Amino acid sequence: MSVSRRTLLTTAAGAAVAVGASTSTAASAVTPDASDQASATRTLRQAADYAVAKLRAVAPGVTAFPVGTKFEKWTYSQNGDWVGGFWPGQLWLAWLYSGEEQFKTLALASAEKLAPRQNDTSTHDLGFLFYPSWVTAWRLTGDEKWRAGAVQAASSLIKRYNPAGGFIRAWGSLTDPNNAGRVIMDTMMNLDLLAFASQQTGDPKYLEIAVAHAKTAQRNFVRPDGSTPHVFDFDPVTGAPIGPNTVQGYSPASCWSRGQAWGVYGFTTIHRRTGDAEFLTTARRLADYALSRLTPDHVPVWDYLAPQAPDDVKDASAGVIMACGLLDLAELTHRPHYRESALRILTAVSRTCLTTKSPRAEAIVARCTRNRPAEDGIEVSLPYADYYLLEGILRVLDRRRVDRAIDLSSV
C-alpha cells in the first residue's frame, strides 16, 4: 500500500512533515538537538526490546531457517537458502543485547545446521550464510570449529571467481553455462567473508579476489548520478562487459533500493578492510543518491526509479541495511549528516514498520518487499530486515558490544 501524500509522520529529527511526491535530501535535514536525540534513543531502545521479546516468544519453536512470512507467519528453508545466516545472527545480537543465555544456545544450534553449506560452490551467498552465523560464533565463543568452517566457506566462494572478468559469479553451479557471466550488486556483501579468511590464514588470495570483484563492480555498476542496476552481465569467456540487467529491480535502467543499500554497506566495508579511498568515494556516491530519493517518511520505496515511485510499495529492509552502512560512512568521513540520516531511517522503521499491532506476527519488521517483478513477497517480513534492524540499533546504542560480533574495525 502506498503512503498517503497527506499522512503526517514524525521524523527522528522531531519535525512533523507532510509526506509528498517530492524527495528529501540529506542537506535539507534538520540537525537533531539533544531532546530529539533522546527521543530517537528511546524509540530505538523500545524497538530492540520489542525485537528481543518477539524472539523470546518465537525462537524456541523455530527448527529451520525463516525465509519470509505468509500471512504473518514464517515460512522455512531446511538448508538455509541464501538467508540462513540471518536467523542465528539475530539470535546472537539478541544475546548481546539481553544477556539471556537461551539466545546463545539457540544461535549455536541454528548455526550448526549450516555446516554442510561450507562446501557449497553453487552460490555466491556464502558471506550472508557464514558471516553473521559462524564468524560471529567464533568471535563470541572462541571455538575453533566456527573459524575453520568460515574459512572453508570462503575457500568454496573463491571457486566462483572468473579471472577473465575479475568478478565472482552470482548464480548457477560451476558447470552450468546459464548465468555464467552474471554479477549482482548483492555480492558486495559477501566479500567480507573473504577479507576474514585472508586475515585468519595470512593468505592474501581471498582479499585479492574480493578487491578485484569490488573494482569490477565499481567500474560497471555505478552510473554518473550514483544509482546502480541490480545486475551486470559479462561474457564469461572473455570477461568483456555486456551491460546492465535486473532480476529484482523494475528494469535494467532502474535502481532497486535494496541493491543500492547492499552497495552502500558493501563498498564501505571493503574500504574498511583495505583503506582504498576509491571504495569510500563509491559508497558515498551510492548513499547520496539513495538519500536524495527518500521521501520524508524515510522508508525506501522498493525501486527508486519504478514508474510509481516514490508512491509505491515499500522495502523497509533496504532502509535498515542502508542505515548500517551510513553509520560506517559517518565515522569514516566525519560527516555527521550520514549518522543523522541513519537515525532517521532506523527510527522511522521502528515507529512505522514493526509488527507491534499484530499479536499473530512472528517477525519483527513488516513492510518489506522481496521480489516485486516476480510478485513474490510484497510488503511482507524478511529475516534480513529483522537482522539489520537489530544490528543498526545496537550500532547506535552500544557500538562496542556489536563490534564483538561483527568487527567494525578499519585498517
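Reader: Leaving aside neighbours within four places in sequence, which residues is Asn371 in contact with?

Author: Contact means heavy atoms within 4.5 Å. By that rule, Asn371 is in contact with Val247, Gln248, Asp376, Gly377 and Ile378. This is a predicted model: local features need pLDDT of at least 70, side-chain atom pairs count only at pLDDT 80 or more, and totals for chains, interfaces and linings use all residues. Residues are numbered from 1 along each chain as its sequence is written, and side-chain values use heavy atoms, with hydrogens and water left out.

Reader: Where is Asn371 found?

Author: Helices are DSSP runs (H or I, at least four residues), numbered from the N terminus. Asn371 lies in the loop between helix H11 (336–352) and helix H12 (383–397).

Reader: Is Asn371 buried or exposed?

Author: Buried means under 20% relative accessible area, exposed over 50%, partly exposed in between (1.4 Å probe, protein chains only). Asn371 counts as buried because its relative accessibility is 12%.

Reader: At what angle do the axes of H1 and H12 cross?

Author: Axes are lines fitted to C-alpha atoms, for helices over the stretch in contact; angles run from 0 to 180 degrees between N-to-C directions. The axes of helix H1 (residues 34–58) and H12 cross at roughly 135° and come within 10 Å. Angles under 35 degrees count as roughly parallel, over 145 as roughly antiparallel, 65 to 115 as roughly perpendicular and the rest as oblique. H1 and H12 are therefore oblique to each other.

Reader: Which residues of H1 and H12 make the contact?

Author: H1 brings Thr41, Leu44, Arg45, Ala47, Ala48, Ala51 and Leu55. H12 brings Leu390, Ile393, Val396 and Leu397.

Terms used: Helix = DSSP H or I, 4+ residues; strand = E, 2+ residues; numbered from the N terminus.
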